[in-house]
Amino acid sequence: MSLTESNFQSTDELNIAFAERIVDILKTGITENGRASLVVSGGRTPKALFNALSKVALDWAKVDVSLADERWVETDDDASNEKMLRRELLQHNAAVANFVGLKTEHADAKDAVETCTANLARLRTPFDVLILGMGEDGHTASLFPCSEQIHQGLDQGARRTYIAVQPTTAPNQRMSLTLPALLNSKHIFLHLTGASKKQVLDEALKGGDEHAMPIRAVLNNADVELMWAP
Ligand SMILES: O=C(O)[C@H](O)[C@@H](O)[C@H](O)[C@H](O)COP(=O)(O)O
């Protein structure tokens with residue numbers, strides 16, 4: 001499968017172009033299907049993009065927004081991706097979007113897999129836009145190479161859409177879309193900033209065990225657009 005690279009001079013330039021690209025795809029989805037879906041990652045990288053996106057004119061009431069993964073903490077915890085999303089993306093014009101969060105009342109994410117799977121019906125699938133990030137260890141969404149659950153997460157034969165993951169090199173239990181669920185997307189973007197992430201991506205592109213660098217599993221099975229700035 002192919003990797004299309006768009007390199008920008010600065011994160012500001014990247015965010016402007018990326019927001020426009022996302023909105024174009026979502027508009028097409030709304031025109032063709034009445035609704036469109038946007039599934040995003042958490043972490044630090046997308047904050048400014050989300051802020052830019054929240055101010056763009058779009059029929060946001062017709063957009064379903066969800067997360068590729070969530071840290072299993074309360075939604076008012078600073079580590080919560082939902083908290084970040086509510087602060088950065090679900091504001092301004094985008095405040096009326098239909099947000100489907102992952103965190104439930106269950107103390108253990110394993111007990112919430114069924115609920116998250118049922119809630120997926122509230123989102124248009126295949127996802128119109130999926131934005132992935134990547135960690136320095138080659139994880140994407142919360143498919144962590146260090147976790148015991150990585151084989152299940154990358155299993156394309158299984159019907160799971162979500163998986164509870166316990167990383168051993170990062171804090172918090174997680175809920176993550178599985179590889180087959182991530183791949184059920186019309187447009188997959190990999191959003192990276194900084195030279196070190198580019199080096200990690202180059203390493204992943206050399207090929208090798210997907211379980212050692214889960215981003216490889218996405219790159220090997222989908223057309224991916226890289227959006228990168230230093
Ligand atoms: O919840 C999360 O942590 C993510 O969704 C995760 O996959 C993230 O995208 C990468 O870890 C990159 O994170 P940074 O953008 O913070 O480097």
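**Reading backbone and sheet**

Analyst: A141 counts as buried because 30 C-beta neighbours lie inside 10 Å. A residue is buried if 20 or more other C-beta atoms lie within 10 Å of its own, exposed if 12 or fewer, and partly exposed in between, with C-beta atoms placed from the backbone. The model is predicted: local features need pLDDT of at least 70, side-chain atom pairs count only at pLDDT 80 or more, and totals for chains, interfaces and linings use all residues. Residues are numbered from 1 along each chain as its sequence is written.

User: What is the phi of A141?

Analyst: Most residues other than glycine have a negative phi, and most peptide bonds are trans. A141, not a glycine, has a positive phi of about 45°. N172 also has a positive phi, near 75°, and is partly exposed, with 16 other C-beta atoms within 10 Å.

User: Which residues does the cis peptide bond join?

Analyst: The cis bond links T125 and P126, with omega about -10°.

User: In what order do the strands of the open sheet stand?

Analyst: Strands (E, at least two residues) are DSSP runs, numbered from the N terminus, and two strands pair if DSSP finds at least two bridges between them. Here the 3 strands follow the order β4-β8-β7, with antiparallel pairing. β4 (69-71) and β7 (162-165) are at the edges, each with a single partner strand, so one side of each lacks a neighbour in the sheet. Between β7 and β8 (residues 174-177) there are 4 bridges; I163 stands opposite S176 in β8. N172 lies in the loop between β7 and β8.
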